[in-house]
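Good morning. Please have a look at the structure before I say anything about it; I will then go through it piece by piece.

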Amino acid sequence: MPPLSETEIAARLAAAGISLPKIEQDDLRGAYAMLLPALQMIRSPAIPREAEPALTFAAGDK
Amino acid sequence: MHSIAEAAALIAAKKISPVELAKTALARAEALNDQIHAFIRITPEPALAAAQAAEARAISGSLRGPLDGIPIAHKDIYCTAGIPTTAHSAQLKDYVPTEDATTVRMLAEAGVVSLGKLATHEFAFGGPSFDLPWPPARNPWDTSRFTAGSSSGTGAAVAAGIIMGGTGSDTGGSIRGPAALCGIAGIKPTYGLCPRTGILPLAQTLDHAGPMAWSVEDVALLLQAMAGHDPEDPGSANRPVPDFHAALAQGVRGKRIGVIRHFHESDNPVSPATLAGIENTLAVLRAEGAVISDITLPSLAEYNATGWAIIYAESFAVHEGWMQSSPEKYGEYMRHRLALGALMTSADYIQAQRRRRDLITRSIAATQGVDLLITASAMGEAPPITAVSKWASLEKPGFTMPFNVLGWPALSLCSGFGEAGMPVSVQIIGKPFDDASVLAAGHAFEKATAFRATRPAI
């Protein structure tokens, strides 16, 4: 998972419907680089495909 | 300043008046708020009306219990009918709820006297911030220092002796952090124990409501009133609520306590005073009959990675509309932290929830042989409020987040004082729905030590 480029940050914010000044986007780019190890850590070691899903719903009373 | 337990006995014996208690507390709130900014709003009229009602019950011998007539206040993310609930944010500057949060109602039914609404980090997330409609709360032990957050006003007001207790919320440590830095006690109960209906959410799968007070005994009394099933909260557990105050007497004799030494010695090394406080806690509890051993859990970093990924994603979902329509109404810290969530993908969020389930499984296995756990709740004494980084949560892994990820009960209490004379703390953790044993251990420590005798000089 590589860091996000300036263009990618702008694109993701735009996709989320958010408009922020360039200076704030630059700050976010640095913060995302700090978050990246966490996003890698939650994927490693990989959880087996057959593992129980994280989010499930109960239909009706248990 | 009396503890809740002491004041309750004096009210029942008609030796002190709830109205006089409320008047004294209101006067202290007015006198100190310019220094510690603990209150966003002080509400004398409803407070005195509630105090008069409590006094009438005291005179007629119909007190509702140990909280009747006790002055408290609510974190300003707890909705209060007819009283503005701002979340310390310009987004809700003029918001007046029509209904009380369930826990506000439960505490009112127990007879508490609410003095008003307490400062918080913006929406329990953005702080400490100096660009909001109200200033951030200051630490009564030294007003140049941080209270921690997000239940910053509750920590400050309790430590300053304005209120005997108050409400907090804890998504990654927002009860236990301020309890630690302000030198008081606060419990993040088991997930599902206390209803969250009517409390403004931060991240619903990690949010917990809970009490803060000067002593563990007082926390137990408040928790009694806040715990119970709420069908309106999908995370609420439908199970009997134990008598937390009665359970304090069980102590720790025979309890097996696991020390998560790697958390505070190598994963994120704490200050010498904090480490000494933890070791002293272990010595005291051993002398009280506990059996102490070291245990190993997954790394602090792994719990924090999981928890923060969930918080950033869920909080952005909560605030998506305002981030699109009026982002300028947030303070910088809140806006930027929410925007970070907007950069994440749906896969990031689901992977974090899958990792969370994996962590729960591994944590249960690792703690099979113990009843309670002990580690730090903060690294050390409170830092200067101006030295707190916007991205502190990403810089070092916190000690409180693991138990939000797990949902297990966790208590922070004062374990002594550091080089600067500021409080240091320890964290006691229990198995799900064994909040009573956590409180009993904290109470045993407080009874055996003298740290509750020292108050801030403010």
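Let me start with a question: which residues in α2(A) meet which residues in α12(B)? Before I answer, please keep in mind that this is a predicted model.

On the side of α2(A), the residues are Glu24(A), Asp27(A), Leu28(A), Ala31(A), Tyr32(A) and Leu35(A). They meet His336(B), Ala339(B) and Leu340(B) in α12(B). Sorted by class, the residues of this contact are six nonpolar, one polar and two charged.

Now for the geometry of that pair. In general, two packed helices are described by the angle between their axes and the distance between the axes. The crossing of α2(A) past α12(B) is right-handed.

Next, the whole contact between the two chains. Chain A gives 25 residues to the contact, and chain B gives 26 residues. Which helices of chain B each supply at least two residues of its side? They are α11 (300-325), α12 (332-342) and α13 (346-366). The largest share comes from α13(B), with ten residues. By class, the side of chain B that touches chain A holds 14 nonpolar residues, seven charged and five polar.

Let me turn to chain B as a whole. It has 16 helices and eleven strands. Its radius of gyration is 20 Å, close to the 23 Å that the globule rule gives for 458 residues, so chain B is as compact as a globular protein of that length. Along the principal axes, the C-alpha atoms of chain B fill a box of roughly 60 × 55 × 45 Å. Of the 458 residues in chain B, 59% are buried. If you take the contacts in chain B with a separation of 6 or more, 79% of them join residues 24 or more positions apart.

How many of the ten residues of helix α1(A) are buried? The count is one, so to speak a helix that is hardly covered; α1(A) covers residues 6-15. After α1(A) comes Gly17(A), and the phi of Gly17(A) is positive, near 80°.

That is my last item. Thank you.

Notes: Residues numbered from 1 in each chain as written. Chains lettered and ligands numbered in written order. Predicted model: local features only at pLDDT ≥ 70, side-chain atom pairs only at ≥ 80, totals over all residues. Contact = placed C-beta atoms within 7 Å. Helix = DSSP H or I, 4+ residues; strand = E, 2+ residues; numbered from the N terminus. Nonpolar A, V, L, I, M, F, W, Y, C, P; charged D, E, K, R; others polar. Rg over C-alpha atoms; globule rule 2.2 N^0.38 Å. Buried ≥ 20, exposed ≤ 12 C-beta atoms within 10 Å, placed from the backbone. Left-handed = near helix turned anticlockwise from the far one by under 90°.
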